Amino acid sequence: MEGDMLAIGIDLGTTYSCVGVWRNGRVEIVANDLGDRTTPSCVAFTKNDKLVGEGANIQAARNASNTVFDVKRLIGRSFSDASVKTDAKYWSFQVTEGSNDNPRIKVSYLGKEKEFSPEEISAMVLEKMKATAEVFLGTTIQDAVVTVPAYFNNSQRKATKDAATIAGLNVLRVINEPTAAAIAYSLERKWGNAKQSIVLVYDLGGGTLDVSLVVVKKDVLQVMATSGDSHLGGEDFTNNMVDHFVNEFKRKNHKDIRGNKKAVRNLRNSCEKAKRMLSSQAQTVVDIEALFEGIDFHAPINCALFEHLNEDLLRRCMKPVETCLEDAKVNKVKVDDVVLVGGSTRIPRVHKLVKDFFNGKEPCQSINADEAVAYGATVLAAMLTDHKKHDIHLHLIDVTPLSQGIRVKGDLMTVMIPRNTTIPATMEYTFDTSVDNQSGMSLDVYEGERAMTADNSMRGRLTLSGLTLAPKGVTKVNVRFDIDEEGILHVSAEDKKSAQKEKITIMHDVGRFSMEEIQRMVKEAQEYKAVDEEHKNKVQARNDIEGLLYKMCNTLKLQDAVDEATSWLQDNELTTSQINDKKKELERIHDSTVTGQTSTP
């Protein structure tokens, strides 16, 4: 099976990630090395190696400052973003300010202080998912479809693609998570002669809420509108629980655990477990032995208290649904089916809010909430690689979630492409020069829904020089906005009077990485991969030689060799090659001794 003919679908989640492959004419969600079909989006660093997934999760409490999670909430954001400062209060790892206001994650790795970008950490998770698929298929994989929240902005989408590049993946397409879930839903249905359905996909994951209204036909999936909240998810519910129990511990014991990273991480883990328990039972306890300064902590929590602690979040849960329906100009009674995606939709109150909003309509339960996004991404990967074994006939039509525009006089935003425009999309606008003999023009590109640019997000600055010199208003500059199928924006400008039409500048996101920086990160990722592989090989080599020494202990004549080799192993910093050479030497001694004993009359 040729690896370059295969592609995978990856749901890169805030809390968990999932990967699927197309095999034998269908999607197969791939279990990791522990047999789990989802993998924690968690990376831990130690003085010897790097752990990704459940291995990182397990040791998180004792290595809190070097265990990184929730990185999806950092990717594509600036360090000064208010949400980053809010989230940082709950993170046990350190986030510092890098160049261009980019966040950097500081850890201790291989005995040294090291800083990573969010893209590099995400790349480690993506690399884990890639390796999981490669083990399953028995071949290398290069191509992938990667999902992002529908309400991710241009910078977050570009950063996610950069992360995939660092992980050694060629991204065939970045697809919105609710759109991927809608693909899974459309294939699950037995269409026959069924008419089209209007489906609302409600995707509440660990970090984001996305809502998409989709028209599903036999061979067409058209997104009519999308809305969301890029900072609302299961992690926020957990954070509110952490705040409550920190205050409870302080009230009972007059001690504040906030400054102790290990204690806060232990409390967070316990709150996360309790939150999950409350999805299936009315009450549970947060119970931690020796939480802080040897003090045990035991506190009950029931559904009523959980909902009280999260009233503010629950109030926000239905606003994107209302906005999505308004944008699509569809009455909720016209919605044929509601599909719940993401682990946080298992929160009973969330399920009830959605059901009540749609006048008691029971949400669809036929697709797996944890796997639907990866499933849909895998289907699209098979379609894009024209996999000869797929028999999928589906035309996908998506929209851009946020308005794109340019700052004009008075700091107002002129919208070039309105939100929920079908993509790919192209819009053009002509600007006049504002002064006599103007030789250049700078255009600030923004993304958002507010009238003033200060309330929106700046995506980049495009500068066009060498304009035709003329009185003001005579020279015309044609500005073109292109949004591709991945929802990524490209901007170009052209002097209408100039014959040099090649003078086009493509907008790059402010503060994002250059291609040279990305290539450097790719190189570093490969170097760290080699270090991790060497550590793994060394551990295996030590296990092998220690097994041989245990076997040699049973032969009295070999005891001196065993003692010498044991001391050698304990007293020296050794390479894998040195250990393997020593093992071969011991095997020769062992074999010759055993052979000599066997041949003795």
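**Reading the model step by step**

Mentor: Let us begin with a loop: Pro424 lies in the loop between β22 (422–423) and β23 (425–432). Please keep in mind that this is a predicted model.

Trainee: Is the peptide bond from Ile423 to Pro424 cis or trans?

Mentor: The bond from Ile423 to Pro424 is cis, and its omega is near 0°.

Trainee: What is the phi of Leu110?

Mentor: Leu110 has a positive phi of about 55°, although this residue is not a glycine.

Trainee: Let us turn to the overall division. Into which domains is the protein chain divided?

Mentor: The assignment gives domain 1 (7–178 + 372–391), domain 2 (189–230 + 318–367), domain 3 (234–309), domain 4 (402–504) and domain 5 (515–596). Taken over C-alpha atoms, the centres of domain 1 and domain 3 are separated by 27 Å. The contact between these two takes 14 residues from domain 1 and 11 residues from domain 3.

Trainee: How should I describe the packing of helices?

Mentor: Two packed helices are described by the angle between their axes and by the distance between those axes. Here helix α5 (residues 177–188) and helix α12 (residues 372–384) pack at an angle of about 80°, and their axes are 7 Å apart. Angles of 65 to 115 degrees count as roughly perpendicular, and therefore α5 is roughly perpendicular to α12.

Trainee: Which residues of α5 and α12 meet?

Mentor: From α5 the residues are Glu177, Ala180, Ala181, Ile183, Ala184 and Leu187, and they meet Ala372, Val373, Tyr375, Gly376, Ala377 and Val379 in α12. By class, the residues of this contact comprise 10 nonpolar, one polar and one charged.

Trainee: How is empty space in a model found?

Mentor: A probe the size of a water molecule is rolled over the atoms, and this shows where empty space is left. In this structure, the largest pocket holds about 930 Å³ of space. Its lining consists of 26 residues, of which Asp33, Lys128, Ala131, Glu533 and Lys536 lie nearest the centre of the pocket. The elements giving two or more residues to this lining are β6 (50–52), α1 (54–58), α3 (118–137) and α13 (515–552).

Trainee: Which element gives the most to the lining of the largest pocket, and how many residues does it give?

Mentor: That element is α3, with nine residues. The lining of the largest pocket has 12 charged, eight nonpolar and six polar residues. Domain 1 and domain 5 each supply at least three residues to this lining.

Trainee: How many cavities of 30 Å³ or more does a search of the whole structure find?

Mentor: The search finds six. The second largest cavity has a volume of about 60 Å³. Lys275, Leu278, Ser279, Cys303, Phe306, Glu307, Ile347, Pro348 and Arg349 line this cavity. Two or more residues of the lining come from each of α8 (303–309) and α11 (348–357), and the largest share, three residues, comes from α8.

Trainee: How do the residues of the lining of the second largest cavity divide by class?

Mentor: Five are nonpolar, one is polar and three are charged. At least three residues of this lining are drawn from each of domain 2 and domain 3.

Technical notes. Residues are numbered from 1 along each chain as its sequence is written. This is a predicted model: local features need pLDDT of at least 70, side-chain atom pairs count only at pLDDT 80 or more; totals for chains, interfaces and linings use all residues. Side-chain values use heavy atoms; hydrogens and water are left out. On a 1 Å grid over the protein atoms alone, a cavity is a set of points where a 1.4 Å probe fits but cannot get out, and a pocket is an open set with protein on both sides within 12 Å along at least five of seven lines; lining residues have an atom within 4 Å of a point. Grid points are joined across faces, edges and corners, and a volume is the space filled by probe spheres set on the points. Helices (H or I, at least four residues) and strands (E, at least two) are DSSP runs, numbered from the N terminus. Ala, Val, Leu, Ile, Met, Phe, Trp, Tyr, Cys and Pro count as nonpolar, Asp, Glu, Lys and Arg as charged, and the others, Gly among them, as polar. Domain bounds come from an automatic or database domain assignment. Axes are lines fitted to C-alpha atoms, for helices over the stretch in contact, and angles run from 0 to 180 degrees between N-to-C directions. Angles under 35 degrees count as roughly parallel, over 145 as roughly antiparallel, 65 to 115 as roughly perpendicular and the rest as oblique. Contact means heavy atoms within 4.5 Å.
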